[in-house]
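Colleague: I would like a close look at one helix packing. Please take me through it step by step.

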Amino acid sequence: MIDDNPAQKIRLIMELRRQGISSTDVLSAIERVARDVFVPKTFRDRAYENIALPIASGQTISQPYIVAYMTQMLDLDKRRKVLEIGTGSGYQTAILARLCRRVYSVERYRNLLSAAEEAFKALKITNITARVGDGHKGWPEQAPFDRIIVTAAAEKIPPALLDQLADGGIMILPVGRDTTDQNILRVTKDMEGNVSEEVLLPVRFVPMVQGVAEEI
Ligand code: SAH
């Protein structure tokens with residue numbers, strides 16, 4: 001089932017290195033997680049190109065560079081409990097799962113969530129818990145989280161997510177009004193609970209939408 005495309009994969013890893021991804025943990029996670037499993041059949045031959053691709057429900061699987069960059073900025077290790085908003089294809093989720101203790105992931109489309117869960121099963125990944133919901137609310141029953149990653153762009157930092165970030169925690173998320181004005185931010189909370197923000201990188205993400213999706 002899985003076409004491993006070793007030459008294309010090596011080319012992608014070299015490109016990510018050139019673009020500044022220096023974490024060997026992140027690069028080896030990218031090398032080990034088969035992106036073709038998360039990509040629609042018609043685009044499978046392009047799974048190891050450094051580009052975003054369309055998935056169901058008008059959404060996109062993020063560009064490998066952005067996945068690698070956000071993951072590197074999260075500064076993960078095996079003790080960390082991570083909240084992800086915007087499961088989408090599940091590819092970013094699978095990368096996180098290799099590098100942390102457990103990922104809790106929230107998606108507003110049930111069909112995307114089901115497809116992602118099938119991919120996790122096919123790849124025998126067992127440290128992901130995913131559910132349908134509105135990511136603006138986070139996952140209060142499981143809070144606090146050491147790390148939070150959001151893969152859809154909100155107009156501003158959702159207050160519930162900030163509340164659910166642990167002291168000493170890091171949140172990486174795109175924020176902006178529209179695609180001409182979006183940036184990835186790093187939000188950190190120190191051990192006293194003081195919050196600070198840094199602008200990291202201009203990006204284009206699909207918008208973070210209020211509420212659970214009604215239809216496919
Ligand atoms: N990391 C994913 C990105 C998917 S695109 C991947 O690489 O495949 C962003 C996803 O965020 C979409 O699936 C979209 O449905 C979801 N999303 C948007 N607003 C949301 C919200 N309020 N709550 C949960 N998920 C949301």
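Colleague: Is the crossing of H2 and H4 left-handed or right-handed?

Modeller: This is a predicted model, where local features need pLDDT of at least 70, side-chain atom pairs count only at pLDDT 80 or more, and totals for chains, interfaces and linings use all residues. Residues are numbered from 1 along each chain as its sequence is written, and side-chain values use heavy atoms, leaving out hydrogens and water.

H2 and H4 cross in a right-handed way. H2 covers residues 24-32 and H4 covers residues 91-99. Helices are DSSP runs (H or I, at least four residues), numbered from the N terminus. The two axes come within 9 Å and cross at roughly 125 degrees. Axes are lines fitted to C-alpha atoms over the stretch in contact, and angles run from 0 to 180 degrees between N-to-C directions. H2 is therefore oblique to H4. Angles under 35 degrees count as roughly parallel, over 145 as roughly antiparallel, 65 to 115 as roughly perpendicular, and the rest as oblique.

Now the residues. H2 brings Asp25, Val26, Ala29, Ile30 and Arg32 to the contact. H4 brings Tyr91, Ile95, Arg98 and Leu99. Contact means heavy atoms within 4.5 Å. By class, the contact has six nonpolar, no polar and three charged residues. Ala, Val, Leu, Ile, Met, Phe, Trp, Tyr, Cys and Pro count as nonpolar, Asp, Glu, Lys and Arg as charged, and the others, Gly among them, as polar.

Note on methods. Helices (H or I, at least four residues) and strands (E, at least two) are DSSP runs, numbered from the N terminus. A crossing is left-handed if the near helix is turned anticlockwise from the far one by less than a right angle, and right-handed if clockwise.
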